[in-house]
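I opened my notebook to look through this structure one piece at a time. Here is what I looked up, in the order I went.

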Amino acid sequence: MLVIDNLTKRYSTGDLAVDNVSLSVPAGQVVGLIGPSGAGKSSLIRCVNRLVEPSGGSIKLNGLDLSRLSRGALGQARRRMGMIFQEYALVDRLTVMENVLSGRLGYVGFWRSYLRRFPQSDIDRAFVVLERVGLLDHIDKRADALSGGQRQRVGIARALVQEPDLLLVDEPTASLDPKTSRQIMRLIVEICAERGLAAIVNIHDVALAQMFVQRIVGLRKGAIVFDGPPDGLTPEALTEIYGAEDWAATISKAQEDDEAETGLPDKTLASA
Amino acid sequence: MSAISRRWTPPPLIANRALRYGVYAGLCLYLLVAFSTIEFNWTRMSEGAARAGNLFAGFLRPDFTSRWDDIEAGLLESLTMTVTSTIVGIILSIPFGIGAARNIAPAPVYAFCRAFIAVARSLQEVIIAIFLVVLFGFGPFAGFLTLAFATIGFLAKLLAEDIEDCDPAPLEAIRATGAGWWQVLAYAILPQVAPRLIGLSLYRVDINFRESAVVGIVGAGGIGATLNTAMDRYEFDSAAAILLIIIGIVLACEYASGFIRAKVQ
Amino acid sequence: MPVSLSRDGDRHWKRRTSRAEWLRFAGWLALVMLFIFTWRVMTQDTIWAFVLDAPRQAADIGSRMWPPRWSYMSALWKPLWDTINMATLGTLLAVILAVPVAFLTARNTTPSVVFVRPVALLVIVSSRSINALIWALLLVTILGPGVLAGVIAIALRSVGFIAKLLYEAIEEINIEPVEAIRATGASAPQVLAWGIWPQITPAFAGISVFRWDINIREATVLGLVGAGGIGVNLESSMNTLAWPQVTLILIVILATVIVSEWVSAKIRHALL
């Protein structure tokens, strides 16, 4: 469904952030993107919806070549891709409902959206996603009045209300505590399964990635050095991606933490 | 999932309905009334249109030469007024600023300094200039006093606020060593307020130059007098030249202060 | 803070290096000399006899100014109303003009950093450099005496002030929410209205109210050149040497400025 072909990004400073990456993501698959800082994970994700302009290569979403689109057509194509950010990227002074509705801006004209006269169908969609992420009681609260986990769920709702084909997720848990991180990851993966969404999840916590995603792609210096299932991540593979480290000790400690946590009911989501 | 369609409207700015309509109605009413007090004298304005055209044309061919002597004299007065008044103003604003800071000044000193600052800030510079011209005669000396007075009001208030907002911890620490009042000032307060004071002083140089171009209209020296004369004589090209000079100097001031601030930081 | 070794082996500490100390000394010396030089140039035509006579003059005028003629108050209400209107309508006009100028100046929203931004900066500097009184002088020559000249004079002066502070606020916004709104497929005006404007609304309101407060003070003197307001009464009272009236006018001006400053501080405090 998403086919990335020989994607390259060289910044004006000369840095080669993405080095000839080719990747194919079928519908419904959640891909975890791991790698050290500066490996190009963020650049890669932002090249897909052209928040960062690629230097070369092509990106095809359901056959449509995104890299060739004009500004107007790009806006329409972006509606099909929902993005979730590390620092939540919410508009702090707007309410939860307004932040979620901003996901529909690509579908609604300027004046209708400015006067907050969204079509009832969009409002219905918003209520559905807000219920799914468990924030129905908070819709008229200002975004900056929420906790980190709640804010990320608003970010997820905003991406979902677009009814996208693809989720681009940029380090969704980097600003969250470990327990909330797991809840958010669980939520994302469940939603993708429910709706048959493909997703590329940029994640720095390897243990978290292994727990939740179906396929792991490892980047090092802008190039793919690993592509396989989570249990294929042997210490050798990790060394290939990150460099030398006592991987056995690091991973097993994280797994023990998680085993102590399993068994919590889903209702705890609402209190995150 | 609920199948019933739920309505949503954004929460209004003012929750209380009566208050909201009252405020909006009041604002509309005010705007209507205020606008109606403006007299649009169309005949006068159409006459003035020709003059506006001349003024605009003056900007395109500004005349620096025919009145150059007057312009030079006025400019010199403005620049010298700016320098002297800013320096004196900065020096005097320090005692007034310290005296107006609630956390370190005794009550009667505080009251006096605050009152002085309030008067200096509330009256527009031109009004002060008029009085000082009456007292001290025409010329840049009155302008110097006006701007120095205004500078004290401006800087002393901000200095006092800075001192009041000071982090009390270093103050307590220095006091605890047994230091005297002056030492607390020098070691605990001054380092905290000095950077901002420098920035504000540079800003005040800019303001004082612009004001020095204005007080001349009431006789307190500076290029304002030259401008007033040019306008009275309808010599728009000379007036335009003066305005362009003012803009140029303000631009230069801005660059210089940005440069100095970067160096000092 | 340098430490140096002296010849007898003891360590000495000075606050600055010798070179830095010399530079500071030279700097102070230059400043003192600049002051003396400019002082002499400035006061070369000053008639010191007048200056020394000033205290006597002050006492003389002081006695004539007190007590104020309270009965004159009835003639001041309309001019005071005019003054407040000039300030308010002028600020309103300036706000409407300053917003587009600010967006054209800010590095992150200007259509062209090379062509449009310098022009917008020039507009701001020109507006800022020329005081309201000078603008009023020009406008009275063109439009004739009256409140209209005053309103426009205030507006022309305030555009630069508001636009400068506003564009600095625009340049400091958080880029992430803006990226997020773009990623939903929103058009450029929608990105402005949903991503940028909510972030600068508090700054915008604070700056406008602040300038309104300053404009009240500016508007009091515009009448001196014929642009309406209480300055006209001041001019005529001084010309007829009606000192008790002058005192009343000054008291009214003082009271108005103090009230407007209190109102402005309250509103800005509520916005924080």
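This is a predicted model: local features need pLDDT of at least 70, side-chain atom pairs count only at pLDDT 80 or more; totals for chains, interfaces and linings use all residues.

**Entry 1: chain C, in order.** I read along the sequence of chain C and found the pattern β-β-α-α-α-α-α-α-α-α-α-α.

**Entry 2: the extent of chain C.** I looked up the radius of gyration next: chain C has 26 Å, whereas a compact globule of 272 residues would have one near 19 Å. Along the principal axes, the C-alpha atoms of chain C fill a box of roughly 75 × 70 × 35 Å. I then checked burial, and 43% of the 272 residues of chain C count as buried.

**Entry 3: over to chain A.** Here I counted 10 helices and 10 strands. The radius of gyration of chain A is 19 Å, close to the 19 Å from the globule rule for 272 residues, so chain A is as compact as a globular protein of that length. Its C-alpha trace spans about 55 × 50 × 30 Å along the principal axes. Buried residues make up 44% of chain A.

**Entry 4: contacts along the chain.** I kept to contacts with a separation of 6 or more, and in chain A 70% of them join residues 24 or more positions apart. For chain C I wrote down 70% as well.

**Entry 5: a sheet in chain A.** In what order do the strands of the open sheet of 6 strands lie? I traced E6-E7-E8-E3-E9-E10 in chain A, with mixed pairing. Strand E6 (81–84) and strand E10 (223–228) of chain A stand at the edges with a single partner strand each, so one side of each has no neighbour in the sheet. On average, neighbouring strands of this sheet are turned by 20° against each other, direction ignored.

I zoomed in on one pair: strands E7 (residues 166–170) and E8 (residues 198–202) of chain A run parallel and are joined by 5 bridges. Within that pair, Leu168(A) has Ile200(A) in E8(A) as its bridge partner.

**Entry 6: helices on the sheet.** Helix H6 (residues 148–161) of chain A packs on the sheet and touches E6 and E7 of chain A, with its direction at about 170° to that of E6(A). Helix H9 (residues 235–242) of chain A lies across E3, E9 and E10 of chain A, running at about 160° to E10(A).

**Entry 7: the nonpolar core.** The largest nonpolar core has 214 residues, and those with the most contacts inside it include Ala199(A), Leu133(C) and Ala136(C). I followed Ala136(C) and found that, leaving out residues up to four places away in sequence, it touches Ala153(C) and Leu222(C), among others.

Conventions: Residues are numbered from 1 along each chain as its sequence is written. Chains are lettered from A and ligands numbered from 1 in the order in which they are written. Helices (H or I, at least four residues) and strands (E, at least two) are DSSP runs, numbered from the N terminus. The radius of gyration is taken over C-alpha atoms; the globule rule is 2.2 Å times the number of residues to the power 0.38. A residue is buried if 20 or more other C-beta atoms lie within 10 Å of its own, exposed if 12 or fewer, and partly exposed in between; C-beta atoms are placed from the backbone. Two residues are in contact if their C-beta atoms, placed from the backbone, lie within 7 Å. A nonpolar core is a set of buried Ala, Val, Leu, Ile, Met, Phe, Trp, Tyr and Cys residues joined through C-beta atoms within 7 Å. Two strands pair if DSSP finds at least two bridges between them. Axes are lines fitted to C-alpha atoms, for helices over the stretch in contact, and angles run from 0 to 180 degrees between N-to-C directions.
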